[in-house]
Amino acid sequence: MTISSTTNRVSYTGNGVTTAFSFPYKFLANADLKIYVESVLATITTDYTVTGAGDDAGGTVTFLVAPINGDEVVILRDPA
């Protein structure tokens, strides 16, 4: 199955409060995403959870601890 979308990256700025960050592109498995906070690769289940695999509308990355004020959060679709 192919995914027909050219959007594969979205970025946000942390505020120390927000933990949930949505993104508008389809992904098939949680492993298809790479999540970076200040250019450091975050770890699924340790740093965040993901919902929405297979959903045409995209999904949501929810951090266990909110990224601090000013930290760049990047959600990147990078299938194997």
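Buried here means under 20% relative accessible area. The model on screen is predicted.

Stop 1: Select Phe23 and Phe27; both are buried. Phe23 has a relative accessibility of 2%, so it falls under the cut-off. The structure as a whole holds five aromatic pairs. In one of them, the ring centres of Phe23 and Tyr25 are 5.0 Å apart with the planes at 40°, so this pair is tilted. Phe23 also pairs with Phe27: here the centres are 5.3 Å apart, the planes make an angle of 50°, and the pair is again tilted.

**Stop 2: Tyr48.** Centre the view on Tyr48 and show its contacts. Leaving aside residues up to four places away in sequence, Tyr48 touches Leu33 and Ile35, then Ala42 and Thr43, and also Val61, Thr62, Phe63 and Leu64. Now show rings: Tyr48 belongs to a cluster with Tyr12, Phe21 and Phe63, linked by ring pairs.

Stop 3: Switch to a cartoon view. Four strands form an open sheet in the order 1-7-3-4, paired antiparallel. Strand 1 (9–13) and strand 4 (40–41) are the edges; each has a single partner strand, so one side of each has no neighbour in the sheet. In general, the strands of a sheet pair through backbone hydrogen bonds, in a parallel or an antiparallel way. Zoom in on strand 3 (residues 33–37) and strand 4, which run antiparallel and are joined by two bridges. Val37 stands opposite Val40 of strand 4.

**Stop 4: Leu41.** Which residues does Leu41 touch, not counting those up to four places away in sequence? Select Leu41, which lies in strand 4, and the contacts are Lys34, Ile35 and Tyr36. Leu41 has a relative accessible area of 47%, so it is partly exposed. To finish, draw a C-alpha to C-alpha distance from Leu41 to Thr51: the two are ten residues apart in sequence and 18 Å apart in space.

Notes
Residues are numbered from 1 along each chain as its sequence is written. This is a predicted model: local features need pLDDT of at least 70, side-chain atom pairs count only at pLDDT 80 or more; totals for chains, interfaces and linings use all residues. Side-chain values use heavy atoms; hydrogens and water are left out. Two strands pair if DSSP finds at least two bridges between them. Buried means under 20% relative accessible area, exposed over 50%, partly exposed in between (1.4 Å probe, protein chains only). Contact means heavy atoms within 4.5 Å. Rings of Phe, Tyr and Trp (its six-membered ring) pair if their centres lie within 6.5 Å; planes under 30 degrees apart count as stacked, over 60 as edge-to-face and the rest as tilted.
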